[in-house]
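Work through the exercises below with the coordinates open. Each task is followed by a stepwise solution.

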Amino acid sequence: IDGIYLLLIIFLFNRIRLSIKIIQFVSQLLGKNPSLFFFPIINYLILFVWWVYVIGVAIVLFGAGTPQRDIVNEYGDEYYKINMNYDKIIQGFAIYHFVGFIWVSCFITALGEMTIAGVVAQFYFTHPEDRKNLPKCRVSRSFFRALRYHTGSLALGSFIITVVKIIRIILEYIDQKTKNSQSDIAKCVIKCCKCCFCILEKFLKFLNRNAYTMIAIHGYNFWNGAKNAFKLILRNCVRVATV
C-alpha cells in the first residue's frame, strides 16, 4: 500500500503542485477580498426575498378558486368535503408563476456564480504588483457589471436549466400518477428517462458555471462562452484519459 501511495505521489506530482498553487491563490484572493465571505449570504437573502414573494402569490392564487361542497359517503358515514375549483385563467397563472419561480431562482444562482467569477478573474489577470491598485468594492462592481452587461446570458443559461427541471418534474408527475398501472417495461423506460435527465441537468449546470466564467473573463455572449467552456472541458477530459 505504501508503494502504491508513493507511485501515486510520483505520477501525480504535477497535479499536486497545481493544487498547492490554487490553494495559495485562493488564500491571497480571500485575503484581499474579504467581502467574498459574505456575498453568498447576500445571494441567499435575495433568494429568500424572492421565495417569500412566490409563496405570497401562491397563497393568493390558491384562494382565487371557487369552493365547492361535496357530500362524501365513506364507511357508512356522510360528511362534507370542500374542493376548490379553478378556471383556465387561474390554472394558466399558476403554471406561469411556477415556471417563473424556477427560472428566477436559477437566474439568481447564476448571477452569484458570475459575480464571484468576475472578482476572481479580475484579481487573477492583474499583475501581482498592480493588485494593490485595484478598485475597492470589487464584489459589488462585479455584481452590477454582470447585471448590466450579461443579463441576457444569465437569463438564457437559467432558462435552459429551467426547461430540464420542468421535464424532470413532468416525468416525476407521470411516474406518480401511473405507478399502480405501469408495466415492467414502462417502469424501466421512465426510470431511465429520469436518470438521463438528472445527469443532463448536472452536466448543464457544470457547463453553465464554466460558461459564466468565460463570459466574466472575455465578455462573450452565452453561446460563445458555452462553446469555449465545452472545448476546455473536452480537452481536459482527453488529457486525463491519456494520462
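**Exercise 1. Which residues make the nonpolar surface patch, and which elements supply them?**

Solution. 
- Step 1. The model is predicted.
- Step 2. Two elements give two or more residues each: α1 (2-11) and α2 (13-32). The largest share, 8 residues, is from α1.
- Step 3. Take Ile20 as a check. Ile20 sits in helix α2. Its relative accessibility is 43%, so Ile20 counts as partly exposed.

**Exercise 2. Which elements line the largest pocket, and what classes of residue are found there?**

Solution. 
- Step 1. The largest pocket holds about 830 Å³ of space.
- Step 2. Its lining has 23 residues. Nearest the centre lie Leu18, Ile22, Phe25, Val120 and Tyr124.
- Step 3. At least two lining residues come from each of α2, α4 (88-124), α7 (184-218) and α8 (222-242). α2 gives the most, with 9 residues.
- Step 4. Sort the lining by class: 16 nonpolar, 4 polar and 3 charged.

**Exercise 3. Where does cysteine 137 lie, and is Cys137 buried or exposed?**

Solution. 
- Step 1. Cys137 belongs to the loop between α4 and α5 (138-149).
- Step 2. Its phi is positive, about 55°, although Cys137 is not a glycine.
- Step 3. Relative accessibility is 56%. Exposed means over 50%, so Cys137 counts as exposed.

**Exercise 4. Which salt bridges does glutamate 201 form, and which residues share its network?**

Solution. 
- Step 1. The total count is 6 salt bridges.
- Step 2. Glu201 pairs with Arg168 at 2.5 Å, N to O. Glu201 is in helix α7 and Arg168 in helix α6 (residues 151-177), so this pair ties together parts 33 residues apart in sequence.
- Step 3. Compare accessibility. Glu201, at 4%, counts as buried. Arg168, at 31%, counts as partly exposed.
- Step 4. Glu201 also bridges to Lys205, with the closest N and O atoms 3.3 Å apart. Both are in α7, 4 residues apart, about one turn of the helix. Lys205 is partly exposed at 35%.
- Step 5. Join the bridges: Lys165, Arg168, Glu201 and Lys205 are linked in a network.

**Exercise 5. Which parts of the chain does the bridge between aspartate 175 and lysine 194 link?**

Solution. 
- Step 1. The closest N and O atoms of Asp175 and Lys194 are 3.1 Å apart.
- Step 2. Asp175 is in helix α6 and Lys194 in helix α7, so the pair links distant parts, 19 residues apart.
- Step 3. Asp175 is buried at 9%. Lys194 is partly exposed at 23%.

Definitions and conventions:
Residues numbered from 1 in each chain as written. Predicted model: local features only at pLDDT ≥ 70, side-chain atom pairs only at ≥ 80, totals over all residues. Heavy atoms only, no water. Buried < 20%, exposed > 50% of the residue type's maximum accessible area, 1.4 Å probe, protein only. 1 Å grid on protein atoms, 1.4 Å probe; cavity = no way out; pocket = protein on both sides within 12 Å on 5 of 7 lines; lining within 4 Å. Points joined across faces, edges and corners; volume = space filled by probe spheres on them. Nonpolar A, V, L, I, M, F, W, Y, C, P; charged D, E, K, R; others polar. Salt bridge = Lys/Arg side-chain N within 4 Å of Asp/Glu carboxyl O.
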